[in-house]
Amino acid sequence: MTTARFLQIHSLHGYPAVLLNRDDSGLAKRVMYGGQMRTRISSQCLKRHWRVADSVDSLTRIDGAPGATRSREIVTLKVIEPLRDAGHPKEVVDILEATFQKAVYGDKGDQKSNRQPLLLGAPEIDFLAQEARRIAAEPLEEAKKQAKAWLKSSKGNMKAMRDANELPGGLVAALFGRMVTADVEANIDAALHVAHAFTVHAEESESDYFTVVDDLRRIEDDPGADHIGETELTCGLFYGYVVVDRNMLLDNLAGAADLAGEVCRRLVRLIATVSPGAKLGSTAPYSYAGWMMVEAGDRQPRSLGEAFRNPCVASTDAAEERIAEHVAQIDAAYQTDEERRVMSLSGTQVPGAERVSLPQLADWSGTVIRRGQA
């Protein structure tokens, strides 16, 4: 059997007439590759949609896995507002708000505009709320003293709480990692490494001119539209790439192999079926992967994106053939002996890969991560 430290997930998704991921000017994100401009979907965009997907495969529906919240308003909405709603004195609550904002978001945490959205797990949020309630129950002068003392020892308090919990940052932090500038000991390395998806061919884009007509406009009125606008639409076949570091995942999940396996089983299904959800009403940007391959092995992972440095025809069959050729070349040169499973809508064969359905692919991936062997 092959030792499986890494699980590599490759996919091809096709989309017609969409605007999946925009830059600051409202245009599709792009990247220059192989001398040709490609349409791109950022890794942040992909991770966000997999993380919040509301489906039968949702990561939030895994029993026993605590949730997490990413916001710059966690202290305000989850810790302080409940105190105000409970009728605690305003002077005490104001002191606690300044204290906990600084403890969580750093020296500039008193200003919302200075805070970065921070990911905290449910156990961490519950601990903060509990501590705030405890201090709020004290008289004003005593609350001032305890708040000052709590701020000084907050990092130690949070560390002790995290050490006592298996998933203090929630499942999301265990998978995608997090960075906390105000408390470096709260940082978590990502167990899932997600590449930016890009089109295997040169970009295909056009400007869509649209109008909005007033339903109450009379015949004798100006016959023109009430609003005229323009937006970009793109078409593309995207190559996506994700790596699961099993060792890191188990470390982040406190050694829970069964949970790690279930996470990966669901992840494979999410990658195949969940699309970036931009402009739902006007483009219906839903697509399932036309091709997906999962590899298990113990050597350093490597993307198959190099197969598309020279753009190929915008066809899933052509892209699969490119990948099959590239895999054969890599195998001949490196002989790293990964175990492979492929789900495909076409008949293209990848060297050493067994053809399976998506449920079979997901189940196999989960089993590999659970056991550590393919």
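Predicted model: local features only at pLDDT ≥ 70, side-chain atom pairs only at ≥ 80, totals over all residues.
Local features were required to have pLDDT of at least 70 and side-chain atom pairs to have pLDDT 80 or more, while totals for chains, interfaces and linings use all residues. Residues are numbered from 1 along each chain as its sequence is written, and side-chain values use heavy atoms, with hydrogens and water left out.

Helices (H or I, at least four residues) and strands (E, at least two) are DSSP runs, numbered from the N terminus. Helix H3 covers residues 90-105. The expected span of a helix is 1.5 Å times one less than its number of residues. For the 16 residues of H3 this gives 22 Å, and the end C-alpha atoms are 22 Å apart, which agrees. Residues are called buried under 20% relative accessible area, exposed over 50%, and partly exposed in between (1.4 Å probe, protein chains only). The buried residues of H3 include Val92, Leu96, Phe100, Ala103 and Tyr105. Contact means heavy atoms within 4.5 Å. The buried residues of H3 pack against strand E4 (68-71), strand E5, and helices H2 (74-85), H4 (122-136), H5 (140-152) and H6. After H3 comes Gly106, with a positive phi near 95°.

Helix H9 has 17 residues and reaches 25 Å from its first C-alpha to its last, close to the expected 24 Å. H9 is mostly covered, with 12 of its 17 residues buried. Among them are Leu259, Glu262, Cys264, Arg266 and Ile271.

A nonpolar core is a set of buried Ala, Val, Leu, Ile, Met, Phe, Trp, Tyr and Cys residues joined through side-chain atoms within 4.5 Å. The largest such core holds 56 residues, and Ile9, Trp50, Val244, Leu249 and Met292 touch the most other members. H9 (residues 257-273) gives the most to this core, 9 residues. With residues up to four places away in sequence not counted, Leu249 touches Ala174, Leu175, Ala191, Val244, Ala260, Cys264 and Ile369.

Arg70 is in strand E4 and has a relative accessible area of 38%. Its contacts, not counting residues up to four places away in sequence, are Arg51, Pro117, Leu118 and Leu119. The C-alpha atoms of Arg70 and Gly121 are separated by 8.8 Å, although these residues are 51 residues apart along the chain. Ala314 lies in the loop between strand E10 (291-297) and helix H11 (316-334), and its relative accessible area is 43%. Leaving aside neighbours within four places in sequence, Ala314 is in contact with His201 and Glu204.

Rolling a probe the size of a water molecule over the atoms shows where empty space is left. On a 1 Å grid over the protein atoms alone, a cavity is a set of points where a 1.4 Å probe fits but cannot get out; a pocket is an open set with protein on both sides within 12 Å along at least five of seven lines; lining residues have an atom within 4 Å of a point. Grid points are joined across faces, edges and corners, and a volume is the space filled by probe spheres set on the points. In the linings, Ala, Val, Leu, Ile, Met, Phe, Trp, Tyr, Cys and Pro count as nonpolar, Asp, Glu, Lys and Arg as charged, and the others, Gly among them, as polar.

The largest pocket contains about 360 Å³ of space. Its lining has 21 residues, with Glu166, Pro168, Ile188, Asp251 and Asn252 nearest the centre. By class, these residues are 8 nonpolar, 5 polar and 8 charged. The second largest pocket contains about 300 Å³. Of its 18 lining residues, Tyr105, Arg115, Gln116, Leu118 and Thr181 lie nearest the centre. H3 and E5 (118-121) each give two or more residues to this lining.

The count comes to 3 cavities of 30 Å³ or more. The largest cavity has a volume of about 170 Å³, and Ser11, His13, Leu46, Trp50 and Ala197 are the closest to its centre. Its lining divides into 14 nonpolar, 4 polar and no charged residues. The second largest cavity, of about 110 Å³, is lined by 13 residues. The largest share of that lining, 4 residues, comes from H6.
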